[in-house]
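Welcome, and please open your viewer. We will go from one selection to the next, with a short note on what to find at each stop.

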Amino acid sequence: MSGGGSKTAIFAALGANAGITVAKFAGALITGSSSMMAEAIHSVADTGNQGLLLVGQKRSEHEPDAKHPFGYGRNRYFYAFVVALVLFTLGSLTAIHDGINKIRDPEHLEKPVVAITILVVALCLEGFSLRTGMRESRGLKGRASWWRFIRETRNPELPVVLLEDSGALIGLSFAFAGVGLTTLTGNPIWDGIGTLAIGILLGLIAVILIVEMKSLLIGEGATPEETAAIRAHLVDGNRIDQVLRMRTEYLAPDQLMVAAKIRMTPFLDVTEVADAINAAEARVRMAVPNVDVMYLEPEIYRPKPIQR
């Protein structure tokens, strides 16, 4: 898959987060709410993260060269990994630090109506961003659950957008609860508790993303469905009768490398072997469009000598 759907989701998240960031900072300064400030910092991280994802996509488009003969597609995995680190350091740790300080030394919350109004607007914008990300992901997700899609997709940007937006909606709910309970009870400690909850939530999301992006950076193979399809289309039952060994690895979200040793039927000449390999490559690429690089090694069938 190209980055088109990913870019749509990224731009939707970028626009929503940029607007939300300004509103949250204004609300935090007016009300003195620590949970609002934590959410503002969260939105700063999210906005910067969308920019990093776009940089990764742009750099992944560089043409292959002598130093990187398979291209620069893994830039998308690298920048998504950086996003996870930013979310953990700038988002999670900052919010946890502020939350603990506010619980130890609570501060009075001013003009809570302003904070609640901004949070409601932010919920609407984040909901729009999440809806866009889900719409762009459905073509890749198929019938799988959203959690399975996040764990198994080789596209790095869409899981980042989905998890960030989902986390933002839950975080906004925590902030809303913190501000609301502070207003109802008159005890500002609830605002600090809301801030701490946001920090813990961001930490959990960041750890999930770090684990997933690390796996992609190291190199993941084809999905089980793709592997089965590749094996099935390599064999034609005529000139290629078995796949002896096969290895796959994603060089980029839409660049799958396949290396296989295939057994040919006996009595084929060189031209027939070459034609069979070319036909097999065409069949596989038709069945699995992400296949980009293929290396097929033919093994000629040799009947065992008759034992006397």
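**Two helices.** Start by selecting helix α2 (residues 34–60) and helix α3 (residues 75–104), which pack at an angle of about 170° with their axes 8 Å apart. Helices here are DSSP runs of H or I with at least four residues, strands are runs of E with at least two, and both are numbered from the N terminus. Axes are lines fitted to C-alpha atoms, for helices over the stretch in contact, and angles run from 0 to 180 degrees between N-to-C directions. α2 and α3 are therefore roughly antiparallel to each other (the term covers angles over 145 degrees). Colour their contact by residue type and you will find 15 nonpolar, eight polar and five charged residues. Ala, Val, Leu, Ile, Met, Phe, Trp, Tyr, Cys and Pro count as nonpolar, Asp, Glu, Lys and Arg as charged, and the others, Gly among them, as polar.

Before moving on, note that this is a predicted model, where local features need pLDDT of at least 70 and side-chain atom pairs count only at pLDDT 80 or more, while totals for chains, interfaces and linings use all residues. Residues are numbered from 1 along each chain as its sequence is written, and side-chain values use heavy atoms, leaving out hydrogens and water.

**Aromatic pairs.** How many aromatic pairs does a search of the whole structure find? There are two. Rings of Phe, Tyr and Trp (its six-membered ring) pair if their centres lie within 6.5 Å, and planes over 60 degrees apart count as edge-to-face. Select F78 and Y79: their ring centres are 5.3 Å apart and their planes at 85°, so this pair is edge-to-face. F78 is partly exposed at 40% relative accessibility, whereas Y79 is buried at 11%. Buried means under 20% relative accessible area, exposed over 50%, and partly exposed in between (1.4 Å probe, protein chains only).

Next, select W146 and F149, an edge-to-face pair with 6.1 Å between centres and 85° between planes. Both sit in helix α5 (residues 146–152), three residues apart, about one turn of the helix.

**Strand β2.** Now pick A259, found in strand β2 (residues 255–264). Its contacts, leaving aside neighbours within four places in sequence, are R245, M246, R247 and Y295; contact means heavy atoms within 4.5 Å. The C-alpha atoms of A259 and R245 are separated by 8.3 Å.

**Last stop.** Finish at L234, which, beyond neighbours within four places in sequence, contacts residues including I240, A260, I262 and L296.

Methods: Parallel < 35°, antiparallel > 145°, perpendicular 65-115°, else oblique. Phe/Tyr/Trp six-rings, centres within 6.5 Å; stacked < 30°, edge-to-face > 60°.
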